Amino acid sequence: MNLDQISTYGILKDMTQREVVKLIEELLCQENLATRPFLEYQELVLTPGSAQIIHDQKTVTWRVPIQPNNKSIAAAAADPTMSADDQALFQELRGLRRKLSDHEGIPPYFIATDATLRDMCRKRPKTMHDMRQVSGIGVMKAQKYGKQFLETLLAHQKTDAATT
């Protein structure tokens, strides 16, 4: 069908699934899209508002949350009780948490709070059993994210050992 040849092909590729769902919900609220029954599902259908958008006779606006800049994040995350090495590790763990949350389309604190990451920096778990001793890491989070966090902790330890 050569759908990759049409001008709108891939237009949403940079959006997460959650963002696409929110956009569709907004278009439905503005009556720029509608739904109708199709078998046991609902299908999206175009409306007169859709046609106006397609023909550049109408623009769509919708609100998106403001992403704080990295400087304010780093300042908010600073903890004077942590060593410089712990702070560096904390930032690495926050990066992993952001990557995981972006992949799953959920807020980072759903994966681990800053307090959990700080405890991880202090305890430096080496095994899954050790990971379960970190405040905020239960069975489910250990199973789902423990391996990635342990890999980051181990990589940091190797980097730290190589520089000292």
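**View 1. C121 and the other end of the scale, C29.** C121 counts as buried because its relative accessibility is 1%, where buried means under 20% relative accessible area, exposed over 50% and partly exposed in between (1.4 Å probe, protein chains only). C29, by contrast, counts as exposed, with 65% relative accessibility. The structure holds zero disulfides, a disulfide being a pair of cysteine sulfur atoms within 2.5 Å. Keep in mind that this is a predicted model, where local features need pLDDT of at least 70 and side-chain atom pairs count only at pLDDT 80 or more, while totals for chains, interfaces and linings use all residues. Residues are numbered from 1 along each chain as its sequence is written, and side-chain values use heavy atoms, with hydrogens and water left out.

**View 2. The whole protein, for orientation.** The secondary structure comes to eight helices and two strands. Helices (H or I, at least four residues) and strands (E, at least two) are DSSP runs, numbered from the N terminus. Walk along from the N terminus and the elements go α-β-β-α-α-α-α-α-α-α. Of the 164 residues in the protein, 27% are buried. Take the contacts between residues at least 6 apart in sequence, and 44% of them join residues at least 24 apart; contact here means heavy atoms within 4.5 Å.

**View 3. Helix α1 and its buried face.** Helix α1 covers residues 17–29, 13 residues in total, and reaches 18 Å from its first C-alpha to its last, close to the 18 Å expected at 1.5 Å a residue. That expected span is 1.5 Å times one less than the number of residues in the helix. V20, L23 and L27 are the buried residues of α1. Seen down the helix axis, these buried residues fall within an arc of 60°, so they line one face of α1; the arc is that of the directions from the helix axis to the C-beta atoms. Strand β1 (33–38) is included in what covers them. Turn to the other side of α1 and you find Q17 and C29, both exposed. Just after the helix, E31 takes a positive phi of about 60°.

**View 4. Inside the largest nonpolar core.** A nonpolar core is a set of buried Ala, Val, Leu, Ile, Met, Phe, Trp, Tyr and Cys residues joined through side-chain atoms within 4.5 Å. The largest one here has 19 residues, and L93, L117, M120, M131, F149 and L153 touch the most other members. Helices α4 (84–104), α6 (114–123) and α8 (139–163) are the elements that give two or more residues to this core. What does L93 contact, leaving aside neighbours within four places in sequence? Its partners are L117, M120, C121, F149, T152 and L153.

**View 5. S50, tucked into helix α2.** S50 lies in helix α2, which spans residues 48–54. With 3% relative accessibility, S50 counts as buried. Its side chain reaches the backbone nitrogen of T47 at 2.9 Å. That is a polar contact, a pair of N or O atoms within 3.5 Å; within protein, one must be able to donate a hydrogen and the other to accept it, and residues adjacent in sequence count only if both atoms are side-chain atoms. Not counting residues up to four places away in sequence, S50 touches N32 and L33.

**View 6. Two loop residues with positive phi.** D56 sits in the loop between α2 and α3 (70–77). Its phi is near 55°, a positive value in a residue other than glycine. D56 is exposed, with a relative accessible area of 71%. R124 lies in the loop between α6 and α7 (128–131). Phi of R124 is near 45°, again positive in a residue other than glycine. R124 is partly exposed, with a relative accessible area of 24%.

View 7. Q133 lies in the loop between α7 and α8. Is Q133 buried or partly exposed? Its relative accessible area is 46%, so Q133 is partly exposed. The side chain of Q133 reaches the backbone oxygen of H129 at 3.4 Å. Leaving out residues up to four places away in sequence, Q133 touches D119 and K123. The C-alpha atoms of Q133 and D119 are separated by 9.4 Å, with the two residues 14 apart along the chain.

**View 8. E151 and K126.** E151 has its place in helix α8. At 46% relative accessibility, E151 counts as partly exposed. K126 is 25 residues away from E151 along the chain, and their C-alpha atoms are separated by 9.1 Å.
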